Amino acid sequence: MENENNPVYGPFFGVMGASAAMILSAFGAAYGTARAGVGIAAVAVMRPELIMKSIIPVVMAGILAIYGLVVAVLIAGSLHPPNEGYTAFMGFLHLGAGLSVGFSGLASGFAIGIVGEAGVRGTASQPRLFVGMVLILIFAEVLGLYGLIVAIYLYTKQNA
């Protein structure tokens with residue numbers, strides 16, 4: 001039964017949270033993959049032996065989409081009609097969780113793409129740059145991980 005604690009619009013925010021988690025993190029992953037892929041393609045022309053070593057930014061960007069997928073599946077699994085107890089509070093928590101992981105994944109994907117492209121190009125000229133590139137990529141990736149942690153923390157608050 002709909003009441004002030006279980007409004008009909010509550011699940012809308014939950015669905016938007018699941019959508020934002022997947023869409024924004026996938027967009028970040030796609031941008032990171034595309035941008036780093038451009039660098040890999042440029043390096044492969046002159047130094048084809050570096051292709052596999054240069055794939056690291058693409059893998060790291062792809063992980064961002066997994067973060068969004070995990071949160072989207074968690075949220076989607078908790079969705080149910082308002083008359084079954086889905087409160088506005090739960091909807092807002094799910095929206096916050098989705099936006100947290102989504103925007104963090106988006107920002108992280110941009111950073112990974114830019115650093116990945118410049119890093120693989122630079123590594124082709126100066127191999128000692130590789131370790132520095134990997135460290136910078138790790139710091140860029142952890143931004144997405146922070147969003148995942150906050151999203152899971154928000155998600156667990158629904159039962160509190």
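Let's start with a side chain: Arg-35 has a relative accessible area of 28%, so it counts as partly exposed. On this scale, buried stands for under 20% relative accessible area, exposed for over 50%, and partly exposed for the range in between, using a 1.4 Å probe and protein chains only. Keep in mind that the model is predicted, so local features need pLDDT of at least 70 and side-chain atom pairs count only at pLDDT 80 or more, while totals for chains, interfaces and linings use all residues. Residues are numbered from 1 along each chain as its sequence is written, and side-chain values use heavy atoms, leaving out hydrogens and water.

Which residue does Arg-35 meet in a salt bridge? The partner is Glu-117, with an N to O distance of 2.4 Å. A salt bridge here is a side-chain nitrogen of Lys or Arg within 4 Å of a carboxyl oxygen of Asp or Glu. Arg-35 sits in helix 1 and Glu-117 in helix 3, so this pair ties together parts that are 82 residues apart in sequence. Glu-117 counts as buried because its relative accessibility is 13%.

## The rest of the salt bridges

Glu-117 has a second bridge, to Arg-121, at 3.3 Å from N to O. These two residues are four apart in helix 3, so about one helical turn separates them. Arg-121 is partly exposed, at a relative accessible area of 39%. Through shared partners, the salt bridges join Arg-35, Glu-117 and Arg-121 into one network.

How many salt bridges does the rule give? The count is three. One of them links Glu-49 with Arg-47, whose closest N and O atoms are 2.7 Å apart. Glu-49 is exposed at 55% relative accessibility, whereas Arg-47 is partly exposed, with a relative accessible area of 27%.

## Overall fold

Stepping back, the protein has four helices and zero strands, which gives the order α-α-α-α from the N terminus on. Helices (H or I, at least four residues) and strands (E, at least two) are DSSP runs, numbered from the N terminus. The protein is more spread out than a compact globule, because its radius of gyration is 19 Å, well over the 15 Å that the globule rule gives for 160 residues. That radius is taken over C-alpha atoms, and the rule is 2.2 Å times the number of residues to the power 0.38. The C-alpha atoms fill a box of roughly 65 × 25 × 15 Å along the principal axes.

Contact means heavy atoms within 4.5 Å. Of the contacts between residues at least 6 apart in sequence, 84% join residues at least 24 apart. Buried residues make up 44% of the 160 residues.

## Two annotated stretches

An unreviewed UniProt entry lists residues 16-75 and 95-154 as "domain: V-ATPase proteolipid subunit C-like". UniProt positions follow the numbering used here, feature names are shortened, and annotations may be inferred rather than shown by experiment.

Over residues 16-75 the chain is 85% helix and 0% strand, with end C-alpha atoms 10 Å apart. Over residues 95-154 the chain is 95% helix and 0% strand, and the end C-alpha atoms are 9 Å apart.

Is Gly-102 buried or exposed? Gly-102 counts as buried, at 0% relative accessibility, and lies in helix 3 (residues 88-125). Ser-25, in helix 1, is likewise buried at 0% relative accessibility. The C-alpha atoms of Gly-102 and Ser-25 are separated by 4.6 Å, although the residues are 77 apart along the chain.

Leaving aside neighbours within four places in sequence, Gly-102 contacts Ala-20, Ala-21, Leu-24 and Ser-25. With neighbours left out in that way, Ser-25 has contacts that include Leu-64, Ala-65, Gly-68, Val-101 and Gly-105.

## The surface

The protein exposes about 8,100 Å², of which carbon and sulfur atoms supply 76%. Accessible areas come from the Shrake-Rupley method with a 1.4 Å probe; for residues, only the protein chains shown count as cover.

Which residues make the nonpolar surface patch of about 520 Å²? They are Val-8, Tyr-9, Phe-12, Met-16 and Phe-92. Patches are made of residues with over 30% relative accessible area and no salt bridge, joining like charges within 9 Å and nonpolar side chains (Val, Leu, Ile, Met, Phe, Trp, Tyr) within 5 Å. Val-8 lies in the segment before helix 1 (10-46) and counts as exposed, at 58% relative accessibility.
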